[in-house]
Amino acid sequence: MTEMMTPAMRQFYEAKQAYPDALIFFRMGDFYESFGEDAKTIAKELGITLTARGKDKTGEKMPLAGIPYHAIDTYLPRLINKGYKVAICEQLEDPKQAKGVVKRGVVRVVTPGTAIDSSMFSDASNNYLMAVAGREIGKSGKSEERGEKEMEFGISFLDISTGEFLTTQFTDSESFEKLLSELARMHPAECILPPSLYGNSELVAKLRDQTIVQEFAPEIYGPEEAGENLKAHFGVATLEGMGCEKLEFAVSSAWAALEYAKTTQMRDLAHINTLRTYSNTEFMVLDSITLRNLEIVKNVREGGDENSLYRTLNFTRTPMGSRILKKWLLKPLLSVENINLRLDAVEELTKIPLLRYDIRDWLSDVRDIERLVGRIVYGNASARDLVALKKSMDVVPSIRDCLLEKAGSEILKEIAEGLATFSELENLAEMIEKAIVDEPPITVRDGGMIKPGYNPELDELRDIASNSKKWIAVFQQKERERSGIKSLKIGYNKVFGYYIEVTHANSSQVPEDYIRKQTMSNAERFFTPELKEKESLILTANEKAVALEYEIFTELIQALSAHSRELQETAGRLGTLDVLADLAEVAENNNYTRPQLTEDCKILIRDGRHPVVESTVSGGFVPNDTEMDCKEHQFLLVTGPNMAGKSTYMRQTALIAIMAQAGSFVPASHTSIGMIDQVFTRIGAFDDLASGQSTFMVEMVELANILNNATPRSLVLLDEIGRGTSTYDGYSIAKAVVEFLHNRGKVGVRALFATHYHQLTALEDKLKRVKNYHIAVKEDGHELVFLRKIVPGATDKSYGIQVARLAGVPEKVIERANEILKELERENVFEETEDSENGKKRKSKASARYTQMMLFDPGSGSESSERVKGLSPVEAALKKINVDEMTPIEAMNKLHELKKLLG
Ligand SMILES: Nc1ncnc2c1ncn2[C@@H]1O[C@H](COP(=O)(O)OP(=O)(O)OP(=O)(O)O)[C@@H](O)[C@H]1O
């Protein structure tokens, strides 16, 4: 049966056998075709027509799906993004020599993490492949207290299109917090795991929530062999210079990533010429929850970057700049010195606007050099890519010279000096300029790329070919006259070459020396010995010219490849410069100021604004101050009506700190930030129904993470803890959380806590570092005026009903709600309570009874019916208790609370 298959189909099945888990794309002339089951999948996923051709192994017609060769960039991402692996089959021999049966084979396997086609990812993102290595280690420290095992992980991230390669190693908890935090920050398209970790279903499930996970078992995964292989790849004697010589899991993961990339790409990836080891302790930790809650790079609603901090700050001119800016925001620094280096450069660029304008102007001409170099090294660059690279290189001398002359800050000087070390830059640019035409064709196999005058041999061949065209025209005229057939014409096609075409009606008139070549439906085609001779001359000249052009182009590619490291470094320097100039531009346009960074634990922000909200609110943003320290203002309890601006205020504090530590100016008139090692957030309710967790469960899981991991250097934002359960439980949890964070370690944790549990504000009197603040509003008749101003002290009103009216809740409901509220307030008596600590009298609206009602589920009908029946609060509460279901501790707590109610 297999005899029925064409040679192409046979080769297709050979490829399929070698790559059973990949969809095969098989190059046939101007198309990529796929057969059989692969064709069905491709047609379904891409919504293209499924046709049939030839016979398959069983003699049936073979399903076929095809896409035009030049459209692969459009279609491939749609499959890759769905997690498919694709194997690309191309002609294997050098086309110059290829004669007879064309041998095709797999030249590249494309997986999500190894895609290099630019259309697969936005310019602003890296396309990372992540590799993990690691194992369980014994329990220690905090994890032992919690009865958890610890894991030691090495992880690496490789972007094969830009050549960026990073690795790190760290100890993690059993719930993989750090690993998942890195995953959230780097957002890899694919993650590979060795069999030992792939067997850990919990790990795989958590990774799969965020990326595509594959098992990959390179033959050599041990640290020693992996290290040797990495050294061989980089051509170095030790990995010490890259910082990972002794980090066995980092090394193993780095080799796994590189090996996977080499195996799929089937080339040695020389442009991946260095590995950078980083440490988690270099950067502020922003876990996935915080990244989401603060909308650092994506918005919560649609997941796009609109209204994210990144979008607000990103006016970079180059794709490298966008990518670096994103990295800076995802990884704010922890070293005051390094942050100041960035800030010095930003400040300089704000102070010398002309320098900034010039730089940004020049940078507008710079294309994605990192990816262009990737394509060059890959051998799949087009002549257009070289022109783009040349245009990008053209501006470098101007930038370099201008910076050498004017730059004073350290980073700008370093950039200038770094650019100056690339001595071959101008020669390489000139080489491209001389060789390649200004607007070359898309393909590199059909000629037309090399400028006339660049190569004498090429000029000569082209001459022959073009003179021959004139010869053909003369020949046609001569033959028309000789035969007397006016409609006689000379034609050409790829299969038959040149021919003389005459209609059937005239075919009897042809001269005797015409030799029949082909009969068409309405014409006859002939040739003569003279035409045959000229044909071979023309065709060889053309063929030779195209081949020579390709050869010249390949030489250029090789010359550029030899400088791939310098080109990548240049790209990195231009990208960094772009970010610095961008931050300066944004700072100038938005009235940002330079923050101070300190090693103490103070946070002082004067007239702070939310960088994103300030550009979207109508009527102007009201700036606010923040003052935190570890002495008196360590835990700020923020109260205020719904919609007052509590969340905005808390978020702006965190965002200003993140911007400052990333090296950006900030939206405030004065800022001083004591280094923050991690921002934790528990904001809003995001259902995680997919994972089977309730809203409250999600809230508690996030809270547990904060309580277990926040350090005195952390900043914690808590918005409405305990909202997802009954008031009683919620209040208890909220209060316990304040106490816990306040007392954590010796100094506690810096935290902002927005709450509607007004009873919590009494904690200010008991816990010395808790301070009350509220966001002021003004009542104007029925109207509620939001002043948006944070002021010291607590508030005791929620104004929930007024806000409900503003939101358009029907007036009937609002009236009834007001009646119920008044009824509740009638029960309420003003009382003077003694502040035991300082002996001052404090007025509190909350009577014991009111407080009790809040604690014991104020909204419930049963509560008010108990009241109507005339039970005292303590009696009502006692009635509700089910002693059989209580633990001794719960019973003790309850008793304690009941006693307090008695006063
Ligand atoms: N300082 C400010 N200046 C101007 N407008 C502000 C300011 N702060 C907040 N706003 C506006 O008020 C809206 C509500 O703010 P926010 O969500 O922070 O209120 P909230 O007090 O947290 O509300 P809730 O308690 O209902 O969650 C914001 O979307 C923003 O438009």
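Author: This is a predicted model. Of the protein's 903 residues, 40% count as buried. The secondary structure comes to 32 helices and 29 strands. Take the contacts with a separation of 6 or more: residues 24 or more positions apart account for 67% of them.

Now the part itself. Helix α14 covers residues 353-363, and its buried residues are R356, I359, R360, W362 and L363. How are these buried residues arranged, seen down the axis of α14? They fall within an arc of 160°, so they line one face of the helix. An α-helix has 3.6 residues a turn, so residues three or four places apart point the same way. The other side of α14 has exposed residues: P353 and L354.

What covers the buried residues of α14? The cover includes α13 (336-351), α17 and α22 (564-590).

Start with α22. Helices α14 and α22 pack at an angle of about 130°, and their axes are 10 Å apart. That angle makes α14 oblique to α22. The crossing of the two is left-handed. On the α14 side, the contact is made by R356, I359, R360 and L363. On the α22 side, it is made by L574, L577, D578, A581, A584 and E585. How do the residues of this contact divide by type? Six are nonpolar, none is polar and four are charged. R356, I359, R360 and L363 are also among the buried residues of α14.

Next, α17. This helix is part of the cover over α14. Helix α17 (residues 396-406) also packs with helix α18 (residues 410-420), at an angle of about 135° and with the axes 9 Å apart. That makes α17 oblique to α18. The crossing of α17 and α18 is left-handed. From α17, the contact takes in V396, I399, R400, L403 and L404. From α18, it takes in L412, I415, A416, L419 and A420. The residues of this contact divide into nine nonpolar, no polar and one charged.

G418 lies in α18. Buried would take 20 or more. Leaving out residues up to four places away in sequence, G418 touches E569 and R573. Helix α22 spans 564-590. G418 and E566 are 148 residues apart in sequence, yet 9.5 Å apart in space, C-alpha to C-alpha.

For contrast, look at a pair elsewhere in the chain. M886 lies in the loop between α31 (873-880) and α32 (888-901). M886 has 13 other C-beta atoms within 10 Å, so it is partly exposed. Where does M886 sit relative to E457? The two are 429 residues apart along the chain, and their C-alpha atoms are separated by 96 Å.

To recap the part you asked about: the buried residues of α14 line one face. That face is covered by helices including α13, α17 and α22. The packing of α14 with α22 is oblique, and its crossing is left-handed. The packing of α17 with α18 is oblique too, and its crossing is left-handed.

Terms used: Residues are numbered from 1 along each chain as its sequence is written. This is a predicted model: local features need pLDDT of at least 70, side-chain atom pairs count only at pLDDT 80 or more; totals for chains, interfaces and linings use all residues. Axes are lines fitted to C-alpha atoms, for helices over the stretch in contact, and angles run from 0 to 180 degrees between N-to-C directions. Helices (H or I, at least four residues) and strands (E, at least two) are DSSP runs, numbered from the N terminus. Angles under 35 degrees count as roughly parallel, over 145 as roughly antiparallel, 65 to 115 as roughly perpendicular and the rest as oblique. A crossing is left-handed if the near helix is turned anticlockwise from the far one by less than a right angle, and right-handed if clockwise. Two residues are in contact if their C-beta atoms, placed from the backbone, lie within 7 Å. Ala, Val, Leu, Ile, Met, Phe, Trp, Tyr, Cys and Pro count as nonpolar, Asp, Glu, Lys and Arg as charged, and the others, Gly among them, as polar. A residue is buried if 20 or more other C-beta atoms lie within 10 Å of its own, exposed if 12 or fewer, and partly exposed in between; C-beta atoms are placed from the backbone. The arc is that of the directions from the helix axis to the C-beta atoms.
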